[in-house]
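Please examine the sequence and the three-dimensional model shown below. The paragraphs that follow concern the ligand and its surroundings.

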Amino acid sequence: MGKTGGMPAFARDARTAAYYDQRAGEYDEWYLGQGRYAELNPPWWHEEVSRLVDLVRALPPARTLDVACGTGFLTQHLRGAIVGLDQSAAMLGVAGERVPTGSVVVGDALRLPVADGAFDRVLTGHFYGHLPADERAVFLAEVRRVAAGLIVIDTALRPGVEPAQWTDRVLNDGSRHRIYKRYLTSDQLAAEIGGQILLAGRSFVAAAVTWDHHRKDG
Ligand SMILES: C[S@@+](CC[C@H](N)C(=O)[O-])C[C@H]1O[C@@H](n2cnc3c(N)ncnc32)[C@H](O)[C@@H]1O
């Protein structure tokens, strides 16, 4: 792995949780290419974000749990009965305004406060790719318990980028944070979740899998 940082952790890491809570008010600068991201994001960024939003908009209406929904930047484009879940109350403060017809709930992605089979699908954006192997296994088991399918959106692996690393993050107040992150090809993501590629973009990848284990008619 690139920078050394001890055993990788994300969803179970208290410092990572505090970082995202602190970042909530400025999180969308990344998607919008504002502030420090005006220089950090690649020239094709806005085009890629539009492709991603179009993909989410085009999904058929369904009972969807958006796990680690953050500010709801993607959640707001989902159709159907929508619930956004995140560990950060500050993130959900933003998401709740954005998704007025849905609901938001504070919760842990590795212990979803949701009944078995309660959703048609889980969607998760820029969360799965942060998880080390042990957290991925718990997350995928939880998703299978609560939903009949999963859509994962994440950051594409670009040439010259270390596929798994501790990344250095700086917030607008100058504070520095270290966050574990993996970068994925669309093939790798689809293979890991046992599904199909939905998007193979320059900045983002997405894959989907459906299971029939919650069907009540068979
Ligand atoms: C990179 S942001 C992704 C936000 C949004 N889904 C998106 O696509 O932009 C990662 C999110 O994961 C959330 N998170 C981290 N650990 C979590 C956990 N154990 N349970 C629920 N959410 C968690 C953070 O609070 C943060 O909002």
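How do the residues of the shell around the ligand divide into nonpolar, polar and charged? Eleven are nonpolar, seven polar and two charged; here Ala, Val, Leu, Ile, Met, Phe, Trp, Tyr, Cys and Pro count as nonpolar, Asp, Glu, Lys and Arg as charged, and the others, Gly among them, as polar.

The model is predicted: local features need pLDDT of at least 70, side-chain atom pairs count only at pLDDT 80 or more, and totals for chains, interfaces and linings use all residues. Residues are numbered from 1 along each chain as its sequence is written, and side-chain values use heavy atoms, without hydrogens and water.

The ligand is surrounded by 20 residues, each with a heavy atom within 4 Å of it. The closest are Y27, A68, D86, Q87 and G125.

Polar contacts (pairs of N or O atoms within 3.5 Å) can be followed in detail. Oxygen atoms of the ligand lie 2.7 Å from a polar side-chain atom of Y27 and 2.6 Å from one of D86. At A109, a backbone N or O atom is 2.9 Å from a ligand nitrogen atom. The protein buries 97% of the 600 Å² that the ligand exposes when taken alone, by the Shrake-Rupley method with a 1.4 Å probe.

How values were computed
Polar contact = N/O pair within 3.5 Å; in protein donor to acceptor, adjacent residues only side chain to side chain.
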